[in-house]
Amino acid sequence: MSYPKVLTIQDVSCVGQCSLTVALPIISACGVETCILPSAVLSTHTAGFKDFTFRDLTEDLPKIKNHWVNENIKFDAIYTGYLGSEKQIEYVQDIFRETGKENCVKIVDPAMADNGKLYSAFDNNYVQKMKTLCSEADFVLPNVTEACYLTDTEYKTEYDQKYVYGLLEKLTKIGAKNVILTGISYAKNKTGIVVYENGEYQYYEHELLPNSCHGTGDIYASAFVGALMKGKSAYESAKIAGDYAVECIKETIKHENHWYGATFEPVLSKLIEMING
Ligand code: PXL
């Protein structure tokens with residue numbers, strides 16, 4: 001029986017239910033070996049907390065990679081999330097090249113923006129560098145804001161299918177092989193996921209909940225990676241990840257004042273059922 005080994009590269013936000021503290025438990029729960037490479041350690045994430053600490057681990061990345069190369073450690077998939085700097089993106093590109101198995105699946109979540117704005121740590125130079133990482137990916141998982149930044153497209157909150165097709169076409173022009181575009185809403189109270197694989201467009205529509213939670217993009221991407229590595233199709237993985245993200249948001253509503261992340265842990269069993277179903 002195959003036992004895939006995934007590497008995920010992103011920061012550790014010690015408190016905040018995002019990036020590695022989400023990816024490690026979720027992908028592991030899917031039954032997939034999950035290796036991690038922390039790009040930085042922050043006391044909390046950067047969205048809503050003040051005066052967080054930030055320990056940059058950029059210079060550790062090539063050293064860790066070299067050790068793995070010497071030990072002949074290679075990965076079936078590499079999934080990147082929030083990264084700290086342009087230099088880190090360059091190092092990640094080396095890691096793709098030197099530690100990916102022959103058919104290594106490269107999944108890039110260009111976690112850098114939401115609701116029409118870049119996260120506070122990033123600027124246009126970072127966006128330009130992220131384009132080069134996306135050009136090497138088998139799957140790119142942007143939200144609408146990130147897709148707009150990556151393709152120099154005006155951000156809109158109301159749009160039609162033509163606008164979405166335009167984003168997909170431009171993303172493939174920068175080199176992204178397949179795109180999973182999240183948060184695409186064509187109707188009131190509904191949202192959904194576009195799966196653009198091998199030039200084919202599929203759409204999975206689901207409930208739009210009244211509240212949104214920080215970190216659901218990381219939850220979504222992690223569940224997608226876990227399902228994909230368990231042999232589900234890209235569409236099935238996108239659907240499972242979407243359904244799980246909805247469960248997480250519904251669960252979070254039950255916990256008053258839980259503002260900084262989604263309470264994904266109590267519903268992990270539902271994800272496991274979907275993966276094994
Ligand atoms: O969820 C994305 C994310 C990850 N890591 C850090 C963040 C954010 C979003 O704000 O600040 C440090």
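Thr 153 is found in the loop between H5 and H6, where helices (H or I, at least four residues) and strands (E, at least two) are DSSP runs numbered from the N terminus. With a relative accessible area of 16%, Thr 153 is buried, a word that stands for under 20% relative accessible area, while exposed stands for over 50% and partly exposed for the range in between (1.4 Å probe, protein chains only). The model described here is predicted, so local features need pLDDT of at least 70 and side-chain atom pairs count only at pLDDT 80 or more, whereas totals for chains, interfaces and linings use all residues. Residues are numbered from 1 along each chain as its sequence is written, and side-chain values use heavy atoms, with hydrogens and water left out.

The side chains of Thr 153 and Thr 151 are joined by a polar contact of 2.7 Å; such a contact is a pair of N or O atoms within 3.5 Å, and within protein one must be able to donate a hydrogen and the other to accept it, while residues adjacent in sequence count only if both atoms are side-chain atoms. When its neighbours within four places in sequence are left aside, Thr 153 is in contact with Cys 148, Tyr 163, Leu 167 and Lys 170, contact meaning heavy atoms within 4.5 Å.

**The sheet**

Nine strands form an open sheet with mixed pairing, in the order E3-E2-E1-E4-E5-E8-E9-E10-E11; two strands pair if DSSP finds at least two bridges between them. Strand E3 (54-56) and strand E11 (200-207) stand at the edges with a single partner strand each, and therefore one side of each is left without a neighbour in the sheet. Strands of a sheet pair through backbone hydrogen bonds, either parallel or antiparallel.

Strand E9 (residues 178-181) and strand E10 (residues 190-197) run antiparallel and are joined by three bridges, and the bridge partner of Ile 180 in E10 is Val 195. On E10 and E11, which also run antiparallel, there are eight bridges, and Gly 192 stands opposite Glu 205 in E11. The hairpin of E10 and E11 has two residues between the strands, and in this hairpin Asn 198 takes a positive phi near 45°. E10 is mostly covered, since six of its eight residues are buried.

**A helix across the strands**

Helix H3 (residues 86-99) lies across strand E1 (5-15), strand E2 (33-44), E3, strand E4 (75-80) and strand E5 (100-108), and it runs at about 150° to E5; axes are lines fitted to C-alpha atoms, for helices over the stretch in contact, and angles run from 0 to 180 degrees between N-to-C directions. Val 92 is found in helix H3 and counts as buried at 0% relative accessibility. Apart from neighbours within four places in sequence, Val 92 is in contact with Ile 9, Thr 80, Leu 83 and Leu 133.

**Aromatic rings**

The structure holds 13 aromatic pairs, where rings of Phe, Tyr and Trp (its six-membered ring) pair if their centres lie within 6.5 Å, and planes under 30 degrees apart count as stacked, over 60 as edge-to-face and the rest as tilted. Two of these pairs are set out below.

| Pair | Centres apart | Angle of planes | Kind |
|---|---|---|---|
| Tyr 82 and Phe 122 | 5.1 Å | 50° | tilted |
| Tyr 159 and Tyr 186 | 6.4 Å | 80° | edge-to-face |

Tyr 82, in the loop between E4 and H3, and Phe 122, in the loop between strand E7 (117-118) and helix H4 (124-134), are 40 residues apart, so that their pair links distant parts of the chain. Both Tyr 82 and Phe 122 are buried, and together with Tyr 119 and Tyr 126 they form one aromatic cluster.Tyr 159 lies in the loop between helix H5 (144-151) and helix H6 (161-173) and Tyr 186 in the loop between E9 and E10, and the pair ties together parts that are 27 residues apart in sequence. Tyr 159 counts as buried at 16% relative accessibility, whereas Tyr 186 is partly exposed, with a relative accessible area of 29%.

**Around the ligand**

Among the residues around the ligand are Asp 11, Ser 13, Tyr 82 and Tyr 119, a residue being near a molecule or strand if one of its heavy atoms lies within 4 Å of it. A polar side-chain atom of Thr 46 lies 2.6 Å from an oxygen atom of the ligand, and an N or O atom in the side chain of Asp 218 is 2.7 Å from an oxygen atom of the ligand. For His 214, an N or O atom in the side chain is 3.2 Å from an oxygen atom of the ligand.
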